[in-house]
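Hi there,

Here is the structure I promised to pass on to you. Have a look at it first, and then read my notes below.

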Amino acid sequence: MGAGKNKLLRYARFYLGGYDLSGDARSIGELQNSDQAVDIMGWSEGFHNFIADRRRQVGINQFQALMNDASGRAFDQLKDGAATSVQASLFLGGGAVPAVGDVAYGLPGVQINEMAGMDAQAAIFTADFLPDAAQYDADYDNPFGVALAIDESLTATVNNSSVDYGAQTTTGAVAILHVLASSGGTWVLKVQDSSDNAAWADLITFSADGSAITSEYGTVTGTVDRYSRFQATRTSGTVTCIVSFMRNYR
Amino acid sequence: MAGKNKIERGFRIYFDDSGATARDLSGDLVAGSVSGGGKQYEQVDLMGVSEAFHNFLANFWDSEISAQFHLNDTATTGAFTVLSNQEGGTGTLTLQWGSAGAAPTSNDPEWEGEYVLLGAPVSFSGGAGIMTATWKPTGSTAPAWGLVA
């Protein structure tokens, strides 16, 4: 269905460190994205007036999942995860399962806690994720972006559909890759950009080669052309991966 | 038409996008979620011990505005599109109250000023993604009551 006011929880997908935890997800508190207000009022002005402190608060707050202890599921991935670096991406499908171009929230994060509890008699596990100082990069300034690759098994080289940002931007971008499944083959996984949606250049080339479940955070400084896309070039095997791409606007 | 006929159906909210174009966000505004418009003064309690009741003067005032919007990523005009690219940015914020459920028209009440958008974090309510936007006044010219042109 695409763009519109159609972002339902049933079409949200949450990926953590190369694992899709959506099947165990129950609720989420907030995808944080705020500055604090700095009051710059002088006495003679009479009213409080503010500027933003330009220290964006980012994080995934109160992600709650069923305590599924099967391998690769929520409890298995979240337990013992506190204080560890991880990459998290959340897709918001537009009235359907997420598609290329749908809203994405990406976080190179540190899991802050792991809390067991009960919710309506179901055992649950809750975690918060904050921006990770160990992964901090000046190119990460905006957690909201788009999905460039969605949860589909790839069997051949592919150039995904492009996403049109409307204009070139000049303050860098980041991308988060999750390899969700692999047959053990070899791939080259990239984010590319283009000014005309015809001639493409490499923007971010991931180190991950698609041979194993993993996640990776990549960055690029400076100019990012109007169009962006995901490219997967096959040498061998099959791979399932998702990519969230967040470009900065300030 | 003046009168005690200002209902939510006739309310409109506009905020500048990153290109300083005013965007009508009313179609994505969650009903009942707007808070603000007008002035809130600080209360300075000047009561003396021997006085029988608290008595006050008004000091500085503030004008925080908050509202929730459906997470609409329609290009150019959707609330998510407008607000996610304006986080930390400034622009003209306009609230208008139309009469008898109609869209605001000439001489209807209006609150307008320069505001900074502090943020628009996303949460889920009733199964749908929503953004909670919070604005504070910015600049040296105070927001003020006026009339729709």
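Which residues does B:K136 touch, not counting residues up to four places away in sequence? They are A:A37, A:F50, B:D62, B:E64, B:E114, B:Y115, B:V116 and B:L118, where contact means heavy atoms within 4.5 Å.

Before going on, a word on the ground rules. This is a predicted model, in which local features need pLDDT of at least 70 and side-chain atom pairs count only at pLDDT 80 or more, while totals for chains, interfaces and linings use all residues. Residues are numbered from 1 along each chain as its sequence is written, chains are lettered from A and ligands numbered from 1 in the order in which they are written, and side-chain values use heavy atoms, leaving out hydrogens and water.

Back to B:K136, which sits in strand β9 of chain B; strands (E, at least two residues) and helices (H or I, at least four) are DSSP runs, numbered from the N terminus. B:K136 counts as buried because its relative accessibility is 11% (buried is under 20% relative accessible area, exposed over 50%, partly exposed in between, with a 1.4 Å probe and protein chains only). Its side chain makes a polar contact of 2.7 Å with the side chain of B:D62. A polar contact is a pair of N or O atoms within 3.5 Å; within protein, one must be able to donate a hydrogen and the other to accept it, and residues adjacent in sequence count only if both atoms are side-chain atoms.

Now for the interface. Here 36 residues of chain B are in contact with 38 residues of chain A. The area buried between the two chains is about 2,900 Å², with 59% of it from carbon and sulfur atoms; buried area is the accessible area (1.4 Å probe) that two parts lose on being put together, summed over both. B:F60, B:E87 and B:F124 supply 22% of the area that chain B buries against chain A, more than any other three residues.

The chains also share three salt bridges, each being a side-chain nitrogen of Lys or Arg within 4 Å of a carboxyl oxygen of Asp or Glu. The side chain of B:E87 forms a salt bridge with that of A:R56 (2.8 Å, N to O), and A:R250 forms another with B:E87, with the closest N and O atoms 3.4 Å apart. B:E87 is buried, as its relative accessible area is 1%, whereas A:R250 is partly exposed at 22%. A network of salt bridges links A:D35, A:R56, A:D141, A:R250 and B:E87.

Within chain A, take a look at A:D80, in the loop between α1 (74–78) and β8 (85–94). A:D80 is not a glycine, yet has a positive phi of about 60°. Is A:D80 buried or exposed? With 61% relative accessibility, A:D80 counts as exposed. The side chain of A:D80 also meets that of A:K79 in a salt bridge (3.9 Å, N to O).

Enjoy exploring, and write back with any questions!
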